[in-house]
Amino acid sequence: MATQANSLSYAGCNFLRQRLVLSTLSGRPVKIRKIRARDDNPGLRDFEASFIRLLDKITNGSRIEINQTGTTLYYQPGLLYGGSVEHDCSVLRGIGYYLESLLCLAPFMKHPLKIVLRGVTNDQIDPSVDVLKATALPLLKQFGIDGESFELKIVRRGMPPGGGGEVVFSCPVRKILKPIQLTDPGKIKRIRGMAYSVRVSPQMANRIVDSARSILNKFIPDIYIYTDHMKGVNSGKSPGFGLSLVAETTSGTFLSAELASNPQGQGAAVLPEDLGRNCAWLLLEEIYRGGCVDSTNQSLALLLMTLGQQDVSKVLLGPLSPYTIEFLRHLKSFFQIMFKIETKPCGEELKGGDKVLMTCVGIGFSNLSKTLK
């Protein structure tokens, strides 16, 4: 296995997922110190411990050492194994927190991954399962990750604080990824959405749809927002409602926005009309930022470009989010790869905010653990 010299050392609890995911893919051990060392409640939180347990389930031979107070973590990655897995996620964070990392790792397993995740499907912090299904899956298809078994299905919805949701994610394995050239964002041709309500009146979803349409109808006629009212055991343990909107462009890229109501017993009650309007404005903001990949999936696109064949990949992004900027630094540490970054000021052909053209040559990452049929 990798020696200590090859291992990377970090301090602090930020970007824990990035570090562990890149460590797993590159095979380099990572040591993280001072995790909330000065906090009243020091060490790893429940949701981070749950994430580490999930990594342990999908890999074979990982070595994880955590000190007594939970402020130091040493992770020596094993091989990505995959197969059929079930995992109960922490209800402090959404399933999206875990799913974002699984989307990075799933194509490189030994066996195709089929995982059942239980917990909170929609919350106010992490990308919801609806948004990842509408934006991240088409992005993975651009890289050649596709097939019968590639799906993300919401079996039950769960809202915070109780959770009780369930999703099934299955993904085929790939030996190599295709390089991509996503430089033309295209024009918005249609908007689709999903207004959901659980353990509240089904009328809530209809009120959200009406208010969101009142804003978006001024721009484009092709808008369809589905309503999803789950009943009984499928509605999880807590009441709530929310909306996710996805705009599709003529060149097949997807931009998304979403909002969820405040958890039961926390904060002021949210009116469905306000939520619908605010979500529509958030979508317009995301469209203004533009690019071929929305701000939620920037780091996923950059990772898959890095791991592609030794060929040039290009992608046009909106303004880089702070999370993506840190991710680029981590890519340099783990894979010694640098992106060429060109700013494209908004001119005649590029409407909206300033764009960034990211170019890199893939490292020719090959999935060595994929079984030979």
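Hi everyone, let's start with a crossing: helices H1 and H3 cross in a right-handed way. Please keep in mind that this is a predicted model.

Where are these two helices? H1 covers residues 16-26 and H3 covers residues 95-105. When we talk about two packed helices, we describe them by the angle between their axes and the distance between the axes. Here the axes come within 10 Å, and the crossing angle is roughly 25°. Angles under 35 degrees count as roughly parallel, so H1 and H3 are roughly parallel to each other.

Which residues make the contact? On the H1 side you can find Arg-17, Val-21, Thr-24 and Leu-25. H3 brings Gly-96, Tyr-97, Glu-100, Ser-101, Cys-104 and Leu-105. Sorted by class, this contact of H1 with H3 has five nonpolar residues, three polar ones and two charged ones.

Now let's turn to empty space. Rolling a probe the size of a water molecule over the atoms shows where such space is left. In this model, the largest pocket holds about 620 Å³ of space. How many residues line the largest pocket? There are 21, and the closest to its centre are Gly-186, Lys-187, Ile-188, Ile-287 and Lys-351.

Which elements supply at least two residues each of that lining? They are strand E12, residues 188-198, and helix H6, residues 272-289. H6 gives the largest share, with three residues. As for the classes, the lining of the largest pocket has 11 nonpolar residues, five polar ones and five charged ones.

Notes: Residues are numbered from 1 along each chain as its sequence is written. This is a predicted model: local features need pLDDT of at least 70, side-chain atom pairs count only at pLDDT 80 or more; totals for chains, interfaces and linings use all residues. Side-chain values use heavy atoms; hydrogens and water are left out. Axes are lines fitted to C-alpha atoms, for helices over the stretch in contact, and angles run from 0 to 180 degrees between N-to-C directions. Helices (H or I, at least four residues) and strands (E, at least two) are DSSP runs, numbered from the N terminus. Angles under 35 degrees count as roughly parallel, over 145 as roughly antiparallel, 65 to 115 as roughly perpendicular and the rest as oblique. A crossing is left-handed if the near helix is turned anticlockwise from the far one by less than a right angle, and right-handed if clockwise. Contact means heavy atoms within 4.5 Å. Ala, Val, Leu, Ile, Met, Phe, Trp, Tyr, Cys and Pro count as nonpolar, Asp, Glu, Lys and Arg as charged, and the others, Gly among them, as polar. On a 1 Å grid over the protein atoms alone, a cavity is a set of points where a 1.4 Å probe fits but cannot get out, and a pocket is an open set with protein on both sides within 12 Å along at least five of seven lines; lining residues have an atom within 4 Å of a point. Grid points are joined across faces, edges and corners, and a volume is the space filled by probe spheres set on the points.
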